[in-house]
Amino acid sequence: MYHKSDCEGFQCEQRMLEANLGQDDAGLGVVERLIGWLRQRSLFVLAYGTGCGAIEMRPLMTSRFDAERFGIIGAATPRQADVLVISGYLAVKTLKRVIRSYEQMQEPKYVIALGSCTINGGMYWDSYNTIKCLDHYIPVDMYINGCMPRPEALIEGFTALQERIRRGEPGGYQRYRDNIDWYKANQRRVFGDNMPPAYTYDWYSEGAT
Amino acid sequence: MHVLLDSLAMIALCYVMGFLFQGFYRQFNARLQRRWGPSIWQNLYDNMKFLLKSETLIHGPMFFFGPMIIAAGAITTLLFVPFLKDSDWLQGVSTHGNLILIIYLLVVGPLGNALAVGSSGNPFGVMGVTRGLTRLMGLEVPFFLGLALVMLQHETTSVHAIMAAQDGIAHWNLITNPIAFAVILLPFIASQNASPFDVVGAPVEVYAGPRVEFGGRLLGVLMTQNMMMTIAKLVLVVDLFLGGASNVLELIAKAFALFLLTTAISAAFPRLKTEQTVDFFWKVPLGLAVLGVVLNVWLI
Ligand code: SF4
């Protein structure tokens, strides 16, 4: 794909993004396709706003960029949310709250991570109390890079996520369910004795829906 | 058989009208705020999505039965409201009931809410319910006095008879009894849970109020009943004050006109505090209602 004569830099990325758009769902029945389509039209967002990126959520939700026209609207509580937006660096202390919120969300649920801090630690890479790779602790569905990403980038990320939901691709919540032991081991490594009590997540191992 | 088909048709019509009206409401608000707003089908998408989600919360059986009680209350209410006059269709079981029964059924919703939220034990939910019951104290008396005024005027409790008495625009209760309409309008907005009286769900203030613990399917059920209840109440007021409707298009037009009036009012005024709401209801609509009763009973 990244061949110089064909395209260059952001053109290739653009092409990769657009290549997904035309692609049709493989082997999905009519009902699944309908369900996926309904789901992608309505995303309730829980914005976890402790990182600096949270400042970009406000123009996104209000009149200037108006995310409601994509069916994206703020949710009051984790229980009603479909998408958890992590807006940047996470201290170990906040990570614990994020995990608790994530586990309270009802499936299907998705995580969008903003900024380089969630990918590799960003400018906090040698900090003593922030985590570096968010994906080791909760499953991230979509990274939106930048420090910090503009609302346009957020819209791009949201529409890419909607596209994936429409195609019925397995979301991160299934990964979390399948690899719960790995995620919990990673979490235990940073929390130590401060691990959330087992009853908060034991229903994951039982395969409840 | 006819009753069954008819009831299903009423529920379906109510649901479709419900999500279209609420979709319009969201779009209307968006345009007022100079943004594009969601599509008019947005409420259908939201509702379907919630009905297709998982539900893993366990707060005891009452938490599960609460939304069912509320939904059953909403469906029963709408079946007792005749949608059309001089027609066999869209009547539900309204010939077996009357306005007083409908008044009773309107209270089932808040009660079911209180039961479900009480068992979840979430402080925000309990706060929302407390606010709701306080507001109910304010809005019930003028609302029912307004309905009583209409019953007094026609000397009957049957919605059918009241509809039949209003033939022609000059005989609409809106024209012949404007005081009753003025009395009922603001409590009606409050019972639709619209601004300026939206103290119960109060976005941002108490999170989602009574709904704070609900997510997934139960929230979907709550949304469905909310949409249907909105339409049932609108149709009731259309029946009582705008002379009912003789076909579906007329019904939709009249209900929409009323809906436009209430949305315009609620878009223009910001939210009141709970105690301000109660104060207001005990002063203005109740004062008007007492005046109306005096006029009706002793002077006319
Ligand atoms: S990526 Fe940049 S903007 Fe985002 S949290 Fe990190 S430092 Fe802040």
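What follows is a set of questions and answers about the two chains.

Modeller: A quick note before we start: this is a predicted model, where local features need pLDDT of at least 70, side-chain atom pairs count only at pLDDT 80 or more, and totals for chains, interfaces and linings use all residues. Residues are numbered from 1 along each chain as its sequence is written, chains are lettered from A and ligands numbered from 1 in the order in which they are written, and side-chain values use heavy atoms, with hydrogens and water left out.

Biologist: How many helices and strands does chain A have?

Modeller: Helices (H or I, at least four residues) and strands (E, at least two) are DSSP runs, numbered from the N terminus. Going from the N terminus on, chain A reads α-α-β-α-β-β-α-β-α-β-α-α-α-α. That gives chain A nine helices and five strands.

Biologist: What percentage of chain A counts as buried?

Modeller: Buried means under 20% relative accessible area, exposed over 50%, and partly exposed in between (1.4 Å probe, protein chains only). Chain A has 209 residues, and the share of them that counts as buried is 49%.

Biologist: In what order do the strands of the chain A sheet lie?

Modeller: Two strands pair if DSSP finds at least two bridges between them. The sheet is open, has five strands and uses parallel pairing, and its order is β2-β1-β3-β4-β5.

Biologist: Which strands stand at the edges of that sheet?

Modeller: An edge strand here has a single partner strand, so one of its sides is left without a neighbour in the sheet. Neighbouring strands are turned by 30 degrees against each other on average, direction ignored. The edge strands of chain A are β2 (72-74) and β5 (142-144).

Biologist: Which residue of β3(A) is the bridge partner of Ala47(A)?

Modeller: β1 (residues 43-48) and β3 (residues 83-86) of chain A pair in the parallel sense over four bridges. One bridge partner in β3(A) is Val83(A), which goes with Val45(A). For Ala47(A), the partner is Val85(A).

Biologist: At what angle does helix α4 of chain A run to β1(A)?

Modeller: Axes are lines fitted to C-alpha atoms, for helices over the stretch in contact, and angles run from 0 to 180 degrees between N-to-C directions. Helix α4 (residues 92-104) lies across β1, β3 and β4 (110-114) of chain A. Its angle to β1(A) is about 160 degrees.

Biologist: Over in chain B, how do α1 and α11 cross?

Modeller: Two packed helices are described by the angle between their axes and the distance between the axes. For α1 (residues 2-32) and α11 (residues 248-268) of chain B, the axes come within 11 Å. The residues of their contact (heavy atoms within 4.5 Å) include Phe21(B) and Phe24(B) of α1(B) and Phe256(B) and Phe259(B) of α11(B). The crossing angle is roughly 35 degrees.

Biologist: Is Tyr15(B) buried or exposed?

Modeller: Tyr15(B) lies in helix α1 of chain B. Leaving out residues up to four places away in sequence, it touches Leu44(B), Asn47(B), Met48(B), Thr224(B), Met227(B) and Met228(B). Because its relative accessibility is 14%, Tyr15(B) counts as buried.

Biologist: What about Leu261(B): which residues does it touch?

Modeller: Leu261(B) has its place in helix α11 of chain B. At 35% relative accessibility, it counts as partly exposed. Not counting residues up to four places away in sequence, Leu261(B) touches Phe181(B) and Leu185(B).

Biologist: What covers the buried residues of α2(B)?

Modeller: Helix α2 (residues 42-51) of chain B is mostly covered, with eight of its 10 residues buried. Among them are Tyr45(B) and Phe50(B). The cover includes α1 and α10 of chain B, together with α2 (30-40) and β1 of chain A.

Biologist: Last one: how far apart are the end C-alpha atoms of α3(B)?

Modeller: The buried residues of α3(B), including Phe63(B) and Ile70(B), pack against α1, α4 (99-106), α5 (108-120) and α10 (216-241) of chain B. The expected span of a helix is 1.5 Å times one less than its number of residues. With 20 residues, α3 (residues 61-80) of chain B should span 28 Å, which agrees with the distance between its end C-alpha atoms, 28 Å.
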